[in-house]
Amino acid sequence: MSGQSILQGIEQKDIIAVLGRGSEFEGKLTFEGALRIDGKFSGEIFSDGTLIIGDSAMVKAEVSVASVVIQGQITGNIKAPNCIELHSSAHLVGNIFTPTLSVEKGAVFEGNSVMENGRHAPREASPPPPPTVHRDPGRRAG
């Protein structure tokens, strides 16, 4: 991400839908492109696009999208094969699975993170070598 927010690459016209302040929705949500939530949502969210959780949003969902920008509150697990950004106003309770995680000072994250995919994939630990025993051939045991 080279220090640049996903939001800097998204123009207003690129956001195909907005769940605005004061609105509430429950169910399964799929979309293409970019979607912004500023209201309340509970359920499931699936997409190959970008999800923006605005600073007034309250989301309770299992999320599987390409990229996520979090400025508001979300409870649930997130899988994002591109990246996840937690801005300073973000509050995330849940586990995340992503190769790239950006966390601004002030963000709250309660959960576990798994850095997966590509060069950040977890590697299996190799077992340690067996201990080496050195014996002095000139000494007798005993």
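So, β4 and β6 pair in parallel, over 7 bridges. One example to look for: I45 has V63 in β6 as its bridge partner. Bear in mind that this is a predicted model.

β6 has other partners too. It runs parallel to β8, residues 73-75, with 3 bridges joining them, and there the partner of V59 is I74. Then there's β9, residues 78-79, also parallel to β6 and joined to it by 2 bridges. In β9, I78 is the residue standing opposite V63.

Now, which way do the side chains of β6 point? They alternate.

Let's zoom in on V59. It sits in β6, which spans residues 58-64, and its relative accessibility is 2%, so we call it buried. Beyond its sequence neighbours within four places, V59 touches I37, F41, I45, I53, Q73, I74 and T75. With T75, the C-alpha atoms are 6.2 Å apart, for 16 residues along the chain.

Stepping back, the largest nonpolar core has 25 residues, and I37, I45, I70 and I78 have the most contacts inside it. Several strands each supply at least two of its residues, among them β2, β4 and β7. And which strand gives the largest share? That's β6, with 3 residues.

Last one, I78. Again skipping neighbours within four places, its contacts include V63, V68, I70 and I84, plus L92 and F97.

How values were computed:
Residues are numbered from 1 along each chain as its sequence is written. This is a predicted model: local features need pLDDT of at least 70, side-chain atom pairs count only at pLDDT 80 or more; totals for chains, interfaces and linings use all residues. Side-chain values use heavy atoms; hydrogens and water are left out. Helices (H or I, at least four residues) and strands (E, at least two) are DSSP runs, numbered from the N terminus. Buried means under 20% relative accessible area, exposed over 50%, partly exposed in between (1.4 Å probe, protein chains only). Contact means heavy atoms within 4.5 Å. A nonpolar core is a set of buried Ala, Val, Leu, Ile, Met, Phe, Trp, Tyr and Cys residues joined through side-chain atoms within 4.5 Å. Two strands pair if DSSP finds at least two bridges between them.
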